[in-house]
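Hi everyone, thanks for coming. Let me put the structure up on the screen, and then we'll walk through it together.

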Amino acid sequence: MRHHHGYTWLGSGHELLKDGPRRPLHPDFKHSKVVPLELAHWLLKPPTFVQATWTDPTQAADWFGERAHEHAGSFASVHDRAPETLSARVRSAAKAVAGGEDVAGGWYLTGQRFLSVCLIACGPHRLRPELGCPQPPP
């Protein structure tokens, strides 16, 4: 059954420049919470990184919007802070999730921080069907 997993990362914007830990072959990849270079690679991270899972596209998009709204006051871009901009991003996320696509939201925040909010398709992933769904340990 197709569903989406939600992931967030909030950290130093400088961490995004270090692409080694963002690649699956890097020894720190599995335990690094920084967003992977390829979104589907979130599925290779420990299942404890999954913050929520949905089969309903509207619920997934609402979660995406809630995470963005929590930090909107700190967005570095005035344009990104605008309520109509955030609403458009949430509507776009709902359409993408309904189509089985991944959704990536990324915003620079004040203080040289970066927020990543992702919805990753699973069951199977449409571009990377060989990647299994994160399973909690038995």
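Let's start at glycine 105, whose bridge partner in S4 is valine 117. This is a predicted model, so please keep that in mind throughout. That bridge belongs to the pairing of S3 with S4, where seven bridges join the two strands and they run antiparallel. S3 covers residues 103-109, and S4 covers residues 113-122.

Now let's step back to the sheet. In what order do the four strands of this open sheet come? The order is S2-S1-S4-S3, and the pairing is antiparallel. S2 and S3 are the edge strands, each pairing on one side only. On average, neighbouring strands here are turned by 15° against each other, if we ignore direction.

S1 pairs with S4 over ten bridges, in the antiparallel sense. S1 is also joined to S2 by three bridges, and those two strands run antiparallel as well.

H1, residues 57-71, lies across S1, S2, S3 and S4, and runs at about 175° to S4. H3, residues 83-98, lies across S1, S3 and S4, running at about 155° to S3.

Next, please find histidine 5, which sits in strand S1, residues 3-12. Is histidine 5 buried or exposed? Its relative accessibility is 4%, and the cut-off for buried is under 20%, so histidine 5 counts as buried. What does its side chain make polar contacts with? One partner is the side chain of histidine 3, at 3.3 Å. Another is the side chain of threonine 53, at 2.8 Å. Setting aside neighbours within four places in sequence, histidine 5 is in contact with a list of residues that includes Leu43, Val50, Trp54, Ile120, Cys122 and Pro134.

Now for the rings. How many aromatic pairs does a search of the whole structure find? The search finds five. Let me show you two of them. Tyrosine 7 and tryptophan 42 form a stacked pair, with 4.5 Å from centre to centre and 15° between the planes. This pair links distant parts of the chain, with tyrosine 7 in S1 and tryptophan 42 in the loop between S1 and S2, 35 residues apart. Both tyrosine 7 and tryptophan 42 are buried.

The other pair is phenylalanine 64 with tryptophan 107, and this one is tilted, at 6.0 Å centre to centre and 50° between the planes. Here, too, distant parts of the chain are linked: phenylalanine 64 is in H1 and tryptophan 107 is in S3, 43 residues apart. Phenylalanine 64 and tryptophan 107 are both buried. Ring pairs also bring in another residue, linking Phe64, Phe75 and Trp107 into a cluster.

One last stop before we talk. Where does the charged end of lysine 45 sit? It sits over the ring of phenylalanine 29, 4.0 Å from the ring's centre.

Key
Residues are numbered from 1 along each chain as its sequence is written. This is a predicted model: local features need pLDDT of at least 70, side-chain atom pairs count only at pLDDT 80 or more; totals for chains, interfaces and linings use all residues. Side-chain values use heavy atoms; hydrogens and water are left out. Buried means under 20% relative accessible area, exposed over 50%, partly exposed in between (1.4 Å probe, protein chains only). A polar contact is a pair of N or O atoms within 3.5 Å; within protein, one must be able to donate a hydrogen and the other to accept it, and residues adjacent in sequence count only if both atoms are side-chain atoms. Contact means heavy atoms within 4.5 Å. Rings of Phe, Tyr and Trp (its six-membered ring) pair if their centres lie within 6.5 Å; planes under 30 degrees apart count as stacked, over 60 as edge-to-face and the rest as tilted. A charge sits over a ring if NZ of Lys or CZ of Arg is within 6 Å of the ring centre and within 35 degrees of the ring normal. Two strands pair if DSSP finds at least two bridges between them. Axes are lines fitted to C-alpha atoms, for helices over the stretch in contact, and angles run from 0 to 180 degrees between N-to-C directions.
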